[in-house]
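I keep these notes for someone opening the structure for the first time. Each entry records what I looked up and what I found.

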Amino acid sequence: MNRFEYATPTTVDQAIAAMNEGAVYKAGGVDLIDRMKEGIDHPTRLVDLHGIVDLRGIKMDDAGLTIGATTTLGELAAHAAVKQSFAALAEAAASAANPQIRNVATCGGNLLQRPRCWYFRTAEFKCLKKGGATCFAQKGENRYHSIFGGGPSYIVHPSTLATALVALGGRIKTNKREIALAEFFTLPSADYEKENVLGEHEIITQILVPRTTARTGFFAIKERQVYDWPLAEVAVALQMDGGKCKAASIVLGAAAPIPWRARKAEQALVGKAITDESARAAGRAAVEGAQPLAKNGYKIPMFEAAVARAILRTGRS
Ligand SMILES: Cc1cc2nc3c(=O)[nH]c(=O)nc-3n(C[C@H](O)[C@H](O)[C@H](O)COP(=O)(O)OP(=O)(O)OC[C@H]3O[C@@H](n4cnc5c(N)ncnc54)[C@H](O)[C@@H]3O)c2cc1C
Ligand code: SF4
């Protein structure tokens, strides 16, 4: 790991002023310090966000939820009002990583963590995303890679929180603007070196989630349920009317380089009661058009089942 300076601002303005060419923001540091130890990133200054009171806390009012960027995943998962009114979000936060990591990892950092692709995470592989000429995963070890939206990079978006937030119509506030998360994350076809449109030195200050009357839920499948990144995850928000689904938002995580809206599944569900049959039909619709790589075809039946399961657990509750 390289030597670096450490800045401890107490306001957003001070944090921005502390940034220079080699500086990066540090929140929980779970992803950033990992990348530094792996020799992928070599920042010359870390600007620690923990001393900034304005970035902390969870508030709920008539408009919805405001989550400070340095709120931890653990705090979000345990918040009684979030569990009550935004179940998908609380369940997603509780599903990410393990209790030790959730106690440190922040919501802002979770959205901005870099991809888990093992070629990206290994300094010796200078792949496309790191300024090289080749995506090694395309024809290499790609069992954890995307089945939708890939090319020329085939990462899956690593943030579990993002999957739920996109399903709930979440937005982020920065020191410069407010933007829907559905527009914030971008495909590699737009810029394969980046995963989002955050500008240089721009800082996420809050995450906003509009109040909802929808039933919401989250479901993930992992190799080790207690610890791992997901193989497949699904967040759903179902607006019900007289026993039938009036509107649906269904988002797949670990499927694509961005949280992936399964629009065909949503269309398949609207106007239907939540039954085994309608949930399975939505599951089948969710994977239409999938483009698996050589080693991740298993994700197609997995997502089909995960979507059906998420709908049944949420719609019948
Ligand atoms: C074993 C293990 C299992 C895991 N499983 C999961 C999982 O299932 N799901 C999941 O989603 N994650 C998982 N993670 C990843 C973990 O949740 C993230 O690394 C963590 O949430 C990152 O948050 P942080 O606060 O530590 O971010 P940091 O590491 O501090 O920052 C991450 C990046 O965001 C930037 N940044 C941070 N905050 C801001 C801000 N407010 N404004 C602008 N830039 C900012 C930093 O500069 C950095 O580039 C796992 C990690 C481990 C080690
Ligand atoms: S999937 Fe993306 S990060 Fe992984 S090797 Fe290909 S270009 Fe690099």
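In which loop does alanine 97 lie? I placed alanine 97 in the loop between helix H5 (87-95) and helix H6 (99-102). I note at the outset that this is a predicted model. I looked up alanine 97 for its phi, which is near 55°, a positive value in a residue other than glycine. Most residues other than glycine have a negative phi, and most peptide bonds are trans.

I then turned to alanine 254, where phi is also positive, near 65°. I found alanine 254 in the loop between strand S11 (244-253) and strand S12 (260-261). Alanine 254 has a relative accessible area of 4%, so I list alanine 254 as buried.

I also checked a peptide bond: the one from glycine 151 to proline 152 is cis, with omega near 0°. Proline 152 sits in the loop between helix H8 (136-139) and helix H9 (160-167).

**Entry on ligand 1.** Which residues come nearest to ligand 1? I counted 31 residues around the ligand, and Tyr25, Gly29, Leu32, Thr106 and Thr160 come nearest. I sorted the shell by type and got 18 nonpolar, eight polar and five charged residues.

The side chain of threonine 106 has an N or O atom 2.6 Å from an oxygen atom of ligand 1. For valine 30, a backbone N or O atom is 2.8 Å from an oxygen atom of the ligand. For isoleucine 204, a polar backbone atom is 2.9 Å from a nitrogen atom of the ligand. I noted the cover as well: ligand 1 taken alone exposes 990 Å², and the protein buries 93% of that.

Strand S2 (23-26), helix H2 (30-37) and helix H7 (107-112) are the elements that give two or more residues to this shell. H2 supplies the largest share, four residues.

**Entry on charged side chains.** How many salt bridges does the structure hold? I recorded 17. Side chains of opposite charge can pair when their charged atoms come close.

I followed arginine 35 in particular. Its side chain meets that of aspartate 31 in a salt bridge (2.6 Å, N to O).

I next looked up glutamate 288 and lysine 264, a salt bridge with its closest N and O atoms 3.6 Å apart. This pair links distant parts of the chain: glutamate 288 is in the loop between helix H12 (276-286) and helix H13 (299-315), lysine 264 is in helix H11 (residues 263-269), and they are 24 residues apart. Both count as partly exposed, glutamate 288 at 43% relative accessibility and lysine 264 at 44%. Elsewhere, I found Asp31, Arg35, Glu38, Asp41, Arg116 and Arg121 joined into one network by salt bridges that share partners.

**Entry on lysine 129.** Is lysine 129 buried or exposed? I list lysine 129 as buried, because its relative accessibility is 7%. Lysine 129 lies in the loop between H7 and H8, and its side chain makes a polar contact with the side chain of glutamate 195 (2.6 Å).

Note on methods:
Residues are numbered from 1 along each chain as its sequence is written. Chains are lettered from A and ligands numbered from 1 in the order in which they are written. This is a predicted model: local features need pLDDT of at least 70, side-chain atom pairs count only at pLDDT 80 or more; totals for chains, interfaces and linings use all residues. Side-chain values use heavy atoms; hydrogens and water are left out. A residue is near a molecule or strand if one of its heavy atoms lies within 4 Å of it. A polar contact is a pair of N or O atoms within 3.5 Å; within protein, one must be able to donate a hydrogen and the other to accept it, and residues adjacent in sequence count only if both atoms are side-chain atoms. Accessible areas come from the Shrake-Rupley method with a 1.4 Å probe; for residues, only the protein chains shown count as cover. Ala, Val, Leu, Ile, Met, Phe, Trp, Tyr, Cys and Pro count as nonpolar, Asp, Glu, Lys and Arg as charged, and the others, Gly among them, as polar. Buried means under 20% relative accessible area, exposed over 50%, partly exposed in between (1.4 Å probe, protein chains only). A salt bridge is a side-chain nitrogen of Lys or Arg within 4 Å of a carboxyl oxygen of Asp or Glu.
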